[in-house]
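This report describes the nonpolar cores and the strand pairing of one protein structure.

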Amino acid sequence: ENDKWVEPEHAAFFPNDKSNNFVWISEKSGFNNLYYYDFNGNLIRQLTDHSFVIKDIITYKNNQIYYNTTGESPLDTKVFSVDLKGKSKMITRIGGTHSVSFSTDGKYIHDRFSSHDVPGNDLILASSGKMLKSLLVSPNLLENHQIGTAEIGTISAQDGTTLHTRLIKPSNFDSRKKYPVLVYVYGGPHAQLVTNTWLDGASLWMYWMAEQGYLVYTVDNRGSANRGFAFESQIHRQCGTVEMEDQISGVEYLKSLPYVDGDRLAVHGWSYGGFMTTSLMLRNAGVYQVGVAGGPVTDWKYYEAMYGERYMDRPDQNEKGYEKASLMTHAGNLKGDLLLIHGTIDDVVVMQHNFALVQKFVDLGIQMDFFPYPMHKHNVRGKDRIHLMRKILDYVIEKNK
């Protein structure tokens, strides 16, 4: 129970097929931890007491539960183990993002990892975590390409919370010049955009955009993943509020940089990021000159109950919160150029969302742009994705002059 929400995302894990005792992942302490119960629901033992997030249980081998966790850095994914008496151990010690698999007998671990500085390493570890053999050191396949650089940093939210950021610069970056910026945003629960992986969680189109003379910037705001319940649950009953505060803190940081053209800011995101993009264009009108929103939630009362009512409560319980978060409430504020995109058979954020907002703009006599992708679901996949990315990036370049 919690006065905000509970969202069990993991099945009960039964480590021993001869016993009905099970392990339950709960964030009742503020962070996901492991708890050992009997089948009647009586707590036998709390197995872990981390002040960082456990992501998932991997397996049970050698009388040990192996699990993924951020460890001390929320940008990492590491592997720990714990026995059923609560003795835990770090298995992967190198900073970065690790993905592991086990030999059938549990003696060996195949560890594939990358980080900001490492394109990829494949290692064989003992079950204790001791490194036995290096299988493969991946080359930097981009080494002979003209490509920019990414800087990982932090800013402070208005409440003092540390937020992680990524800034991509072009290969010919000149600090004496003024650069426009494209901000890429998601901002919602269960997603993290800045990670300690090769390319830091960025897509290659971001580096292409940088080569067109842009800076590409991302902030993982409050409400996003892998920072614990207190960080994520600040969106309760007010989706889009603290998230936008943090995005605007990011804009303030950008404008403090001597090489940023603060009058040429664009923003783009999809799904929750589409909701954030449109919210930023409407509720912070004039901050961004261009926005491109894909598959946006435009009114939470149109969204499915499991997700929407988890974070916003029911519409009859939170009328003011729903009204404030609705993009219809703020449509009259639009300044700059806005492109809305939607797949015509989107079964996650149904087209009613975008149609309702487009109709609101029509009613208000406000011009904007809308583009459908026929027979695509919640995102545009396959060969048409090339068309989508050119549509987005060309629109930003054309409009943000």
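Two strands are taken to pair if DSSP finds at least two bridges between them. The model is predicted, and by this criterion strand 13 and strand 15 (residues 215-220) are joined by five bridges and run antiparallel. Thr 165 has Val 219 of strand 15 as its bridge partner.

Strand 13 also pairs with strand 12 (residues 149-156), in the antiparallel sense and over eight bridges. Here Thr 149 is bridged to Lys 169 of strand 13. Strands 12 and 13 form a hairpin in which five residues lie between them; in the turn, Gly 160 has a positive phi of about 90 degrees. The pairings of strand 13 are set out below.

| Partner of strand 13 | Sense | Bridges |
|---|---|---|
| Strand 12 (residues 149-156) | antiparallel | eight bridges |
| Strand 15 (residues 215-220) | antiparallel | five bridges |

Seven of the eight residues of strand 13 (residues 162-169) are buried, so this strand is largely enclosed by the rest of the structure.

The nonpolar cores come next. The largest nonpolar core comprises 54 residues, and Tyr 288, Trp 300 and Phe 361 have the most contacts inside it. Helix 4 (residues 272-283) contributes the largest share of this core, with six residues. A second, separate core has 29 residues, including Tyr 184, Leu 193, Leu 388 and Val 396.

Which residues does Trp 300 contact, leaving aside its neighbours within four places in sequence? Trp 300 is in contact with Cys 239, Tyr 272, Phe 275, Tyr 307, Gly 308, Met 312, Tyr 322 and Ala 325.

Note on methods:
Residues are numbered from 1 along each chain as its sequence is written. This is a predicted model: local features need pLDDT of at least 70, side-chain atom pairs count only at pLDDT 80 or more; totals for chains, interfaces and linings use all residues. Side-chain values use heavy atoms; hydrogens and water are left out. A nonpolar core is a set of buried Ala, Val, Leu, Ile, Met, Phe, Trp, Tyr and Cys residues joined through side-chain atoms within 4.5 Å. Buried means under 20% relative accessible area, exposed over 50%, partly exposed in between (1.4 Å probe, protein chains only). Helices (H or I, at least four residues) and strands (E, at least two) are DSSP runs, numbered from the N terminus. Contact means heavy atoms within 4.5 Å.
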